[in-house]
Amino acid sequence: GGIGAWVLEVAARDAASWQAARGTDLAVHVNISECQLVDPGLARQVSGLHQRHGLAEGTLTLEITEEMLVGDTAAS
């Protein structure tokens, strides 16, 4: 839920609109939060967006920051 889900929804809706206007598939890259990354329902959510908006699988490319991978090194 929250703003992360809203951002994904808007990205999917816009991608569908752009694809319809251009007549071709394109990828849309979306930065996700750490909370979204650890959400066990994220894959289902993204798959549902693809289906609901008629997008080819892989249209939404999820991006994470390097900070998410490194974590809080100051706490070490």
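**Entry 1: valine 28**

I started with valine 28, which touches Ala11, Ala15, Trp18, Thr59, Leu60 and Thr61, leaving out residues up to four places away in sequence; contact here means heavy atoms within 4.5 Å. I noted the ground rules: this is a predicted model, where local features need pLDDT of at least 70 and side-chain atom pairs count only at pLDDT 80 or more, while totals for chains, interfaces and linings use all residues. Residues are numbered from 1 along each chain as its sequence is written, and side-chain values use heavy atoms, with hydrogens and water left out.

Is valine 28 buried or exposed? Valine 28 counts as buried, because its relative accessibility is 11%; buried means under 20% relative accessible area, exposed over 50%, and partly exposed in between, with a 1.4 Å probe and protein chains only. Valine 28 lies in strand β1, residues 28-31. Helices (H or I, at least four residues) and strands (E, at least two) are DSSP runs, numbered from the N terminus. I also looked up the C-alpha separation of valine 28 and leucine 62, which is 8.5 Å for two residues 34 apart along the chain.

**Entry 2: strand β1 and its partner**

β1 runs parallel to strand β2 (residues 60-63), and four bridges join them; strands pair if DSSP finds at least two bridges between them. Asparagine 31 has glutamate 63 as its bridge partner in β2.

For valine 30, again setting aside neighbours within four places in sequence, I listed contacts with Val7, Leu8, Ala11, Leu60, Thr61, Leu62 and Glu63.

**Entry 3: the core**

Which residues of the largest nonpolar core touch the most other members? They are Leu8, Val28, Val30 and Leu60, in a core of 13 residues. The elements giving two or more residues to this core are α1 (2-22), β1 and α3 (42-53). α1 gives the most, five residues. Such a core is a set of buried Ala, Val, Leu, Ile, Met, Phe, Trp, Tyr and Cys residues joined through side-chain atoms within 4.5 Å.

**Entry 4: salt bridges**

I found two salt bridges in the structure, each being a side-chain nitrogen of Lys or Arg within 4 Å of a carboxyl oxygen of Asp or Glu. One joins arginine 52 and glutamate 9, with the closest N and O atoms 2.5 Å apart. Arginine 52 is in helix α3 and glutamate 9 in helix α1, so this pair ties together parts 43 residues apart in sequence. Arginine 52 is exposed at 54% relative accessible area, and glutamate 9 is partly exposed at 25%.

Arginine 13 and aspartate 14 form a salt bridge too, their closest N and O atoms being 3.8 Å apart. Arginine 13 is partly exposed at 46%, and aspartate 14 is partly exposed at 25%.

**Entry 5: surface and overall layout**

I noted a nonpolar surface patch of about 480 Å², made by Leu37, Val38, Ile64, Leu69 and Val70. Patch residues have over 30% relative accessible area and no salt bridge; like charges are joined within 9 Å, nonpolar side chains (Val, Leu, Ile, Met, Phe, Trp, Tyr) within 5 Å. Accessible areas come from the Shrake-Rupley method with a 1.4 Å probe, and for residues only the protein chains shown count as cover. Valine 70 sits in helix α4, residues 66-70, and is exposed at 59% relative accessibility.

The chain has four helices and two strands, running α-β-α-α-β-α from the N terminus. Of its 76 residues, 28% are buried.
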